[in-house]
Protein chains: 2
Amino acid sequence: MIKFIEKEPYSAIVHTYEVEGILYKGKSKFQEIAVIENPFFGRMLLLDNIVQITQRDEFFYHEMLTHVAMYAHPSPKRVIVIGGGDGGIVREVLKHKSVEKVYFVEIDEMVINVSKKYFPDVSAAIDDPRVEIKTMDGAEFIKGASNIDVVIVDSTDIIGFARTLFTKEFFLSVTNCLTKDGFFVTHTESLHLHKDIVIEMQEELRKVFPVVDLYTMAIATYPGNWWAFAIGSKELDPRQCRHTFDIDTKYYDQEIHAQTFLTPGFYKKLLNRQLKW
Amino acid sequence: MIKFIEKEPYSAIVHTYEVEGILYKGKSKFQEIAVIENPFFGRMLLLDNIVQITQRDEFFYHEMLTHVAMYAHPSPKRVIVIGGGDGGIVREVLKHKSVEKVYFVEIDEMVINVSKKYFPDVSAAIDDPRVEIKTMDGAEFIKGASNIDVVIVDSTDIIGFARTLFTKEFFLSVTNCLTKDGFFVTHTESLHLHKDIVIEMQEELRKVFPVVDLYTMAIATYPGNWWAFAIGSKELDPRQCRHTFDIDTKYYDQEIHAQTFLTPGFYKKLLNRQLKW
């Protein structure tokens with residue numbers, strides 16, 4: 001069997017996948033990019049030998065990273081998407097009719113181009129006239145932004161060049177660009193494998209955002225799987241949906257929205273570092 | 001690096017773990033048994049080269065497979081545990097003060113002995129006087145059982161010799177041995193990787209149990225991870241807790257109990273095969 005073995009030592013569990021074909025292999029200024037074909041997951045996008053998305057299940061991650069913040073906001077009009085060069089988050093954001101402008105800030109334009117060619121269903125919305133592509137570091141872009149309703153970070157892992165998107169300085173820039181009803185959301189790794197990182201990110205966000213919360217989803221291809229999403233706002237509770245569910249999704253809905261957050265008891269124990277595993 | 005590569009082709013994602021030591025390696029009448037040491041998960045029990053439990057995270061699976069049914073029942077006294085030779089489910093069952101009798105039906109006594117030696121924290125309750133060990137096929141044992149409050153199946157995967165525990169004939173025997181408030185619970189693989197199996201098991205259970213439901217939990221070491229637990233009863237709703245939370249757990253509590261079930265909308269779409277992935 002021809003195999004793709006995910007980068008080691010990336011996590012305590014190394015994932016291996018069957019490879020039916022290598023559709024693309026290249027190297028940008030920032031990273032190695034590859035697209036492989038797997039019999040179960042379909043096409044898979046790899047950055048530096050780490051799985052980013054698969055055709056089969058990308059919607060779980062993209063919907064959950066996008067719609068919780070978008071429905072917690074009363075009427076999101078101006079959105080910044082940082083990373084997510086495949087276009088999956090942009091596609092989900094544009095399902096919301098209230099959206100007038102999306103700043104799509106991806107440092108590596110080769111990822112966008114590869115996605116346009118190999119993941120047309122994921123990248124379909126990138127050329128929408130409401131989208132303005134900015135090929136630059138998201139942490140730089142955000143310093144000059146203002147009057148933003150939702151900021152979504154869809155980065156590679158916290159280690160590596162995406163680390164500027166997980167600092168207090170970056171979080172401060174985000175609050176400065178957000179309107180008073182604004183939301184910020186980012187992934188923060190696996191509760192099974194990186195519990196300490198999940199907690200530290202909550203602590204860092206709390207230094208800057210008055211409201212911080214955590215929700216999770218099992219994502220098959222991310223090692224440790226129990227994926228944690230951190231969300232912050234200036235005053236609004238992200239657990240509440242503030243407009244009617246009116247979009248087409250495969251997984252997310254407003255019952256899922258309510259259920260996906262940690263229970264109050266579990267969340268409190270997590271932040272108090274009372275959970276031993 | 002010395003590696004343990006989980007059996008292929010077991011699932012669409014093959015897990016690989018670092019091995020610091022091999023503590024045990026043997027072969028019973030039924031399967032190969034091994035205990036390895038991993039720097040992150042601690043000791044890991046392997047049956048036929050598939051991870052069953054790890055020291056670090058076994059409590060998630062054992063608590064969630066046990067306590068949902070045990071708290072949905074008004075006062076569980078007589079319990080059958082089928083499989084789970086490591087003793088983890090028996091340990092959790094015996095936390096409930098109402099329990100008078102546990103029939104612990106494990107076909108392979110070598111698993112029990114290995115667990116007693118290498119997983120003392122997991123197997124600690126096996127020698128409790130309320131426990132009666134039956135070294136036999138659970139499907140055979142259940143035919144002669146009666147007046148049982150909760151039946152818990154903690155088997156190896158649905159393929160292989162555990163398949164007798166996933167048939168309509170077995171489910172019929174279970175209903176026959178249960179009291180009117182009785183509950184049956186079993187794992188049914190991963191919603192990410194084995195959605196069709198999860199649905200088929202729900203359908204099979206519905207032929208026999210008036211009430212059938214489904215809850216999930218992300219388990220790090222089971223491929224696909226989004227682990228599905230099927231629960232059935234003669235009349236009681238498993239989503240409701242019927243006695244006060246009064247035990248010591250690391251994860252399960254009554255907020256988790258309520259949250260762990262699929263949302264009504266998602267559950268309906270799943271059973272109607274409207275979910276595409």
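In chain B, strand β11 and strand β13 (residues 226–233) run antiparallel and are joined by 6 bridges, where two strands count as paired if DSSP finds at least two bridges between them. Helices (H or I, at least four residues) and strands (E, at least two) are DSSP runs, numbered from the N terminus. Within that pairing, B:Phe184 stands opposite B:Gly232 in β13(B).

Before I go on, this is a predicted model, in which local features need pLDDT of at least 70 and side-chain atom pairs count only at pLDDT 80 or more, while totals for chains, interfaces and linings use all residues. Residues are numbered from 1 along each chain as its sequence is written, and chains are lettered from A and ligands numbered from 1 in the order in which they are written.

Strand β10 (residues 148–154) of chain B also pairs with β11(B), here in parallel and through 5 bridges, with B:Val153 opposite B:Thr186. As for burial, β11(B), residues 178–190, is mostly covered, since 10 of its 13 residues are buried, buried meaning that 20 or more other C-beta atoms, placed from the backbone, lie within 10 Å of the residue's own.

Turning to the two chains together, the contact takes 29 residues from chain A and 29 residues from chain B, with two residues in contact if their C-beta atoms, placed from the backbone, lie within 7 Å. On the side of chain A that touches chain B, β2 (14–18), α8 (254–260) and α9 (264–271) each supply at least two residues, and β2(A) gives the most, with 4 residues. Finally, β2(A) runs antiparallel to strand β2 (residues 14–18) of chain B, joined by 3 bridges, and A:Thr16 stands opposite B:Val14.

Note on methods:
Buried ≥ 20, exposed ≤ 12 C-beta atoms within 10 Å, placed from the backbone.
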